[in-house]
Amino acid sequence: MIAPEAYVPGSSDVLLVVDIQHDFCPGGALAVPRGDEVISAVNALARHFPHVVLTQDWHPSGHLSFASSHPGARPYETVDVDYGAQILWPDHCVQGTRGAAFRPELDVPHAELVLRKGYHRGIDSYSAFYENDRRTPTGLASYLRERGIRRVFMAGLAFDFCVRFSAEDARRIGFDVVVFDDACRAIDVGGSAAATYEQFQALGIACHPSACVTDAAAQR
Ligand code: VGL
Ligand code: ZN
């Protein structure tokens with residue numbers, strides 16, 4: 001694990017910025033409480049990372065994760081699908097809509113890759129590495145490995161879903177993982193935020209304040 005002290009990101013580090021989209025911010029279809037507050041911290045962090053990857057939740061209409069696709073079901077209920085339990089969400093991040101667009105305040109012009117996920121109608125994808133069937137890869141692990149990345153740092157939305165699943169997969173794949181939890185916000189359904197911290201501890205996923213990076217740079 002990486003110690004929570006000041007450090008300067010290098011060429012084998014990537015910042016993975018998760019789902020800074022209208023629909024996950026206040027006023028959006030699946031608003032994460034105070035989700036918009038992370039944007040300035042993410043912008044500040046990104047300036048210190050030579051490599052940045054953005055993820056974008058990107059569902060076709062009628063997606064399996066939408067409660068509206070399951071007659072009689074309501075958002076935030078869990079249903080059984082082919083690959084196991086799936087929480088149902090309000091329709092969100094529909095391909096090409098404003099809700100799926102990045103918030104305009106997100107300012108990371110040097111981001112190298114925009115990784116879209118959740119585009120298979122019948123499989124949700126919280127993780128940026130594997131879809132919710134836990135078998136279908138997105139290609140991101142190979143992309144990062146092939147480019148010499150060893151440490152994955154994360155910030156964004158939502159802490160207890162897409163950040164959590166991405167962090168856990170990255171760790172299992174063999175990357176060192178740090179989550180800047182002050183630059184994340186949680187949906188928090190059924191204790192999911194607390195469960196995320198427990199899992200991170202069990203798996204050796206560190207949570208550091210983003211000041212570890214932004215202050216280190218200020219000190220130089
Ligand atoms: C997310 C629920 C559904 C997320 C995406 O970005 O955390 N959560 N789709
Ligand atoms: Zn989604």
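Along the chain, the donors of the zinc ion (ligand 2) are spaced as D-x1-H-x32-H. The model is predicted, with local features requiring pLDDT of at least 70 and side-chain atom pairs pLDDT 80 or more, while totals for chains, interfaces and linings use all residues. Residues are numbered from 1 along each chain as its sequence is written, ligands are numbered from 1 in the order in which they are written, and side-chain values use heavy atoms, without hydrogens and water.

The zinc ion (ligand 2) is coordinated by D57 through OD and by H59 and H92 through NE2, at 2.0 to 2.1 Å. Donors are N, O and S atoms within 2.8 Å of the metal (3.2 Å for Na, K and Ca); water is not among the atoms, so sites may look incomplete. The angles among the four donor atoms of the zinc ion run from 87 to 168 degrees, and the site is irregular. Four donors count as tetrahedral if all angles lie between 85 and 135 degrees; four count as square planar and six as octahedral if opposite donors are over 155 degrees apart and all others between 65 and 115; anything else is irregular. D57 and H59 are both buried, that is, under 20% relative accessible area (1.4 Å probe, protein chains only).

The residues around ligand 1 (a heavy atom within 4 Å) include the zinc donors D57 and H92, and among the others are D19, F24, L30, W89, Y126 and A158. Polar contacts are pairs of N or O atoms within 3.5 Å. A side-chain N or O atom of D19 is 2.6 Å from an oxygen atom of ligand 1. A backbone N or O atom of A158 is 3.0 Å from an oxygen atom of the ligand, and a polar side-chain atom of H92 lies 3.1 Å from a nitrogen atom of ligand 1.

Note on methods
Buried means under 20% relative accessible area, exposed over 50%, partly exposed in between (1.4 Å probe, protein chains only). A polar contact is a pair of N or O atoms within 3.5 Å; within protein, one must be able to donate a hydrogen and the other to accept it, and residues adjacent in sequence count only if both atoms are side-chain atoms.
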